[in-house]
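Look at the model below. Then read on for a short tour of its strands, cores and rings.

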Amino acid sequence: MTYEWTVNGIKSSVTDKFYSLLSVSSANNGDYVCKAKYKSLTSEDSDPKTVTVTAPGIPCYEDSFCLFPYGGYTGKCDETERCECSDGYSKRGNLCSGSPGVEGATCTTVTTCQATDFTLSTCTGGTCGCLNSSFVAIRSGCACSPGVEGATCTTVTTCQATDFTLSTCTGGTCGCLNSSFVAIRSGCALQLEKPVITPIAGRTNQVIDGQPFTLTCAVSGAATYEWYKGSTNLATATSTYTATASSTTVGSFTCKGIGSDTVFTSPMSDAFTVVLLGASSTSAVQPVLTLSVTTPVLASSNAITLSCTNIPMGYSDTITYKVNAVAITSTVTIDSSNAGKDASCELTTPSSTVTFSSPTSAAVKLPTLVTNIQTVTVTAASQTVTEVLAGPSVTLTCSHIPAVGYLGGPTVNPTYAWQKDGSTITSETGDTLSVSASGSYSCTAQLASQTTVSSTNKVKVTIANQHPCGQWSHAPSQSHRTSSISSKTSRIFECVSELPAEVEDVFYCLAFRVTVSTSGIVVLSDPSKEAPIGKYSNILDASANRPIKGGRVILTCGDIRTDNPIYTWTKDTTVISRQLDRKLHLDNVDSTTDDGAYTCTAVGNQFYLSSKPVTLAVQ
């Protein structure tokens, strides 16, 4: 159950059952209205309660009126005709209460505390008590101690269950799905994976004696590293380790990664053994030829690059490249003489003191030549998609094979055309399209006088805050009005109306009959015709945009999906490390750590989501 408060008609950030006014002033004057929400159900507004703040303190008619059987008062009237407070006490509302330096909701021997989820009704030393040691007293009551990692909880407040965070509460912290996840301040995040040690790109675990070798500890999300040779710590904190090969420097290596938040620590990697190729050694590894481009290309295209890989570290002798047994350079332009032909690479043997038992790679066919574009696809964020949910816009790309640069020269580009809902967008002729309106998008590409090739996919794009059935909108307790209906006639139009549904914040397009009369517009609807014909849901939703300090905010990225998308969260353009959940928890919020603009993205099976920023400002 959540709550929504409005003050003088303006929605407040308070979502608790209780609305606390501390150190009130005339700025708090006004009408207070609340309503309750449970899933998709919303109650009616309460009757308004009016708050009028006068001068603080108990009105004083004469000194004898200010004589009370408890402390905090001098027994005299002050210049504002209020009962005067004793030293160390100050006026809080109508009473003199403890030292203004006391943190937490203040109280006296005659004023009890307002019990809430985390604040007790007991008063100790002028401060209301907190539920347990997981909470600390702040000006607005009790808040989760900032020392507690993970989404915080108590015996009376359950956790918000998400993909990786459980609803169970243990020791003031919400539980995580399994040991692959670790509690962080915003919920449960994926622990660092086991690193993989790799040699220099294209090299094997062998190294020629006397030559340098470099190893890389590959693990996403690590900020620092630990390296070991056997059981010896190598005192290297970077992702790479470099040494000169000798009998004392090679051996078995392991590593692990540590995140910028030290709660992230990876398991130790599997051992990677570096083998020394000394005098008169024989290497059984066979080189492998790789190509910079394997897809078809057009004639007179840019040159492609051949690389000889899977060779020992430290090898620096000649590498020979061949096409149909004829030597060529490592850079080759594909033409009719070599297109589709076998290519290979060959090492010099012996090299230094090393002999290669298989110095020649297996044959690899060079790309074939084509005369036109082969395939066209619409992509977003470099992946082929059929569905995009974004706000306020998203960039689509008309991608094709052969790619730009392999269409007959570095400056040769196709002519592009974009379609929205089957109609050509005449002003858009580039390979990218910035989309800010919902619809179905596709593209075509044409090379010179060749046949136009259409994209194999169409992308359904939904832009946030654009209702799928037009501009008509309806909020509870508001009339349907429009200036476009000027005559006294009946018309049918579509509007967006908020109705109870299994998913919150879902809007349905409905047909209404509107009659215009001298007294205004009257809306008549036929319930039998109120069939949903579309829906719109928010991308990124915050439980509160202006939360109270010490409170909780939950950010939700889109609806639940069945294709298990991968979520990424950013705060002020900085990625929140390893937080891959659909929901982001922020407990014990504070302006110093939590104010900022939050966004989320999600990548699924031919699906892409990109939210507009949601700004949090802690009060």
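Two strands pair if DSSP finds at least two bridges between them. Strands (E, at least two residues) are DSSP runs, numbered from the N terminus. This is a predicted model, in which local features need pLDDT of at least 70, side-chain atom pairs count only at pLDDT 80 or more, and totals for chains, interfaces and linings use all residues. Residues are numbered from 1 along each chain as its sequence is written, and side-chain values use heavy atoms, with hydrogens and water left out.

**Strands around S24**

Start with strand S24, residues 251-258. Strand S21 (residues 224-229) pairs with S24 in the antiparallel sense, over 6 bridges. Across this pairing, Glu 226 stands opposite Lys 256. S24 is also joined to strand S25 (residues 272-277) by 3 bridges, again antiparallel. Here Gly 251 faces Val 274 as its opposite residue.

Buried means under 20% relative accessible area, exposed over 50%, and partly exposed in between (1.4 Å probe, protein chains only). In S24, 7 of the 8 residues are buried, so the strand is largely enclosed by the rest of the structure.

Thr 236 sits in the loop between strand S22 (232-233) and strand S23 (240-244). Is Thr 236 buried or exposed? Thr 236 is buried, with a relative accessible area of 19%. Contact means heavy atoms within 4.5 Å. Beyond its neighbours within four places in sequence, Thr 236 touches Tyr 225, Glu 226, Trp 227 and Tyr 241.

Now move along the chain. An open sheet of 4 strands runs in the order S39-S38-S41-S44, with antiparallel pairing. S39 (383-384) and S44 (432-435) stand at the edges with a single partner strand each, so one side of each has no neighbour in the sheet. S38 (residues 375-380) and S41 (residues 394-401) are joined by 5 bridges. Thr 379 stands opposite Thr 397 in S41.

A nonpolar core is a set of buried Ala, Val, Leu, Ile, Met, Phe, Trp, Tyr and Cys residues joined through side-chain atoms within 4.5 Å. The largest one has 26 residues, and Val 388, Val 394, Leu 396, Val 435 and Val 461 have the most contacts inside it. Elements giving two or more residues to this core include S38, S41 and S44. A second, separate core of 24 residues includes Ala 189, Ala 222, Leu 234 and Cys 255.

**Aromatic rings**

Rings of Phe, Tyr and Trp (its six-membered ring) pair if their centres lie within 6.5 Å; planes under 30 degrees apart count as stacked, over 60 as edge-to-face and the rest as tilted. The structure holds 7 aromatic pairs. Two of them are set out here.

| Pair | Centre distance | Plane angle | Type |
|---|---|---|---|
| Phe 164 and Phe 181 | 4.4 Å | 20° | stacked |
| Tyr 315 and Phe 356 | 5.8 Å | 75° | edge-to-face |

Phe 164 and Phe 181 are both buried. Tyr 315 is buried, and so is Phe 356. Tyr 315 lies in a loop and Phe 356 in strand S35 (residues 354-356), so their pair ties together parts 41 residues apart in sequence. Phe 213, Trp 227, Tyr 241 and Phe 253 form one aromatic cluster.

**Confidence**

pLDDT is the predictor's confidence in each residue, from 0 to 100. The chain averages 79, and 75% of the residues score at least 70. Over residues 466-537, pLDDT stays under 50. Where pLDDT is low, the predicted coordinates should not be read in detail.
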